[in-house]
Number of protein chains: 2
Amino acid sequence: MDKRGRQPRCRCRLGPGNYQVQARVERFIEPAVLLLLAESPSHGYELAEALESFLEDGRVDFGNLYRLLRSLESEGLVTSVWSEEAPGPLKRTYKITEEGSQLLDAWVESLRAGQERIASLLRRYETI
Amino acid sequence: MDKRGRQPRCRCRLGPGNYQVQARVERFIEPAVLLLLAESPSHGYELAEALESFLEDGRVDFGNLYRLLRSLESEGLVTSVWSEEAPGPLKRTYKITEEGSQLLDAWVESLRAGQERIASLLRRYETI
DNA sequence: CCGTATATATGTATAAGACACATATAATCA
DNA sequence: TGATTATATGTGTCTTATACATATATACGG
């Protein structure tokens, strides 16, 4: 038994001096979805696949992704239509709105700033 | 009144098409504290000041910072001694341990990976 | 002696976020 | 009829962020 209590979500201790850390950006899935929809309209099931290459931390839960999409639409950041032309069951195809596009711009600006904060820490780490 | 519900923590809508986003790395204060202590031993009150230039999102709450430091010590990532030599009230001076140093290394590695994920999104954004 | 600043804690509370799992629906196809 | 695709909502738990209150003790200035 390890005397240490339970560990934080984003890191775990594999053994003495052996740590694994997963640095996450809060709500990173949001700009990811907005960017994918800015590239081209898409639907939930398709987005889930595209997000995997993006987020790298495993699969996205379908339920939570659909919930996010409904929420983005309720905020006016995306709009959707039921597309009938495609084969298979009905797909709700989302596209980004002007508002969503401007939120994406704000995300990008903020991610650049965040990158600079991280870079600043890393540079300082190098000098030790 | 705005029909939209309450907003996420990390962004707010100032007006039509006017968003402000704050991209945060989860638990970023942890590598920041470890790095500062890797540079030189320090105590809570002093760290609070140094962290402001680092984190950029306003002041750090003293209570929560002290709690974090006690927690890091309980995990064996830092150690502390009461230093009597200095003027003023007793200061608990922390220094990083070997374990803490290795956790910092893991954080750095993970932050680099995170930077690359962000960069990847930003590059893709540029192509739109 | 008293108030203020420095310094270190702990207690409590709430909101937001991450994540997992269950359930429900409908269409399509083999 | 059952499997696959596709969309949703409900629920629950844990973590993180943050704020505010409270308590202690030292030291210094007036």
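Hi everyone, let's start with how the two chains meet. Chain B and chain A bury about 5,300 Å² between them, and 59% of that area is on carbon and sulfur atoms. Please keep in mind that this is a predicted model.

How many residues does each chain bring to the contact? Chain A takes part with 51 residues, and chain B with 51 residues as well.

Now let's turn to chain B and look at the face it shows to its partner. Across the interface of chain B and chain A there are 27 residue pairs in polar contact, counting pairs with both residues at pLDDT 80 or more. Several elements of chain B each supply at least two residues of the side that touches chain A: the strands β1 (11-15) and β2 (18-21), and the helices α1, α2 (44-55) and α4. Which of them gives the largest share? That is α4(B), with 20 residues. If we sort this side of chain B by residue class, we get 29 nonpolar, five polar and 17 charged residues.

What about salt bridges? The rule finds 12 of them across the interface of chain B and chain A. Here is one you can look up on the screen: R9(A) pairs with E26(B), and their closest N and O atoms are 3.0 Å apart.

Next, the empty spaces. Rolling a probe the size of a water molecule over the atoms shows where empty space is left. The largest pocket has a volume of about 670 Å³. It is lined by 23 residues, and those closest to its centre are V25(B), R27(B), F28(B), I29(B) and D57(B). Which elements give two or more residues to this lining? From chain B there are α1 (29-39) and α3 (62-74), and from chain A there is α4 (98-126). So much for where the lining comes from; by class, it has nine nonpolar, four polar and 10 charged residues.

And then there is the second largest pocket, with a volume of about 410 Å³. Its lining has 20 residues, and R24(A), V25(A), F28(A), I29(A) and D57(A) are the closest to its centre. Which helix gives the most to this lining? Helix α4 of chain B, residues 98-126, does, with four residues. Sorted by class, the lining of the second largest pocket holds 10 nonpolar, two polar and eight charged residues.

Key. Residues numbered from 1 in each chain as written. Chains lettered and ligands numbered in written order. Predicted model: local features only at pLDDT ≥ 70, side-chain atom pairs only at ≥ 80, totals over all residues. Heavy atoms only, no water. 1 Å grid on protein atoms, 1.4 Å probe; cavity = no way out; pocket = protein on both sides within 12 Å on 5 of 7 lines; lining within 4 Å. Points joined across faces, edges and corners; volume = space filled by probe spheres on them. Nonpolar A, V, L, I, M, F, W, Y, C, P; charged D, E, K, R; others polar. Contact = heavy atoms within 4.5 Å. Buried area = accessible area lost by both parts, 1.4 Å probe. Salt bridge = Lys/Arg side-chain N within 4 Å of Asp/Glu carboxyl O. Polar contact = N/O pair within 3.5 Å; in protein donor to acceptor, adjacent residues only side chain to side chain.
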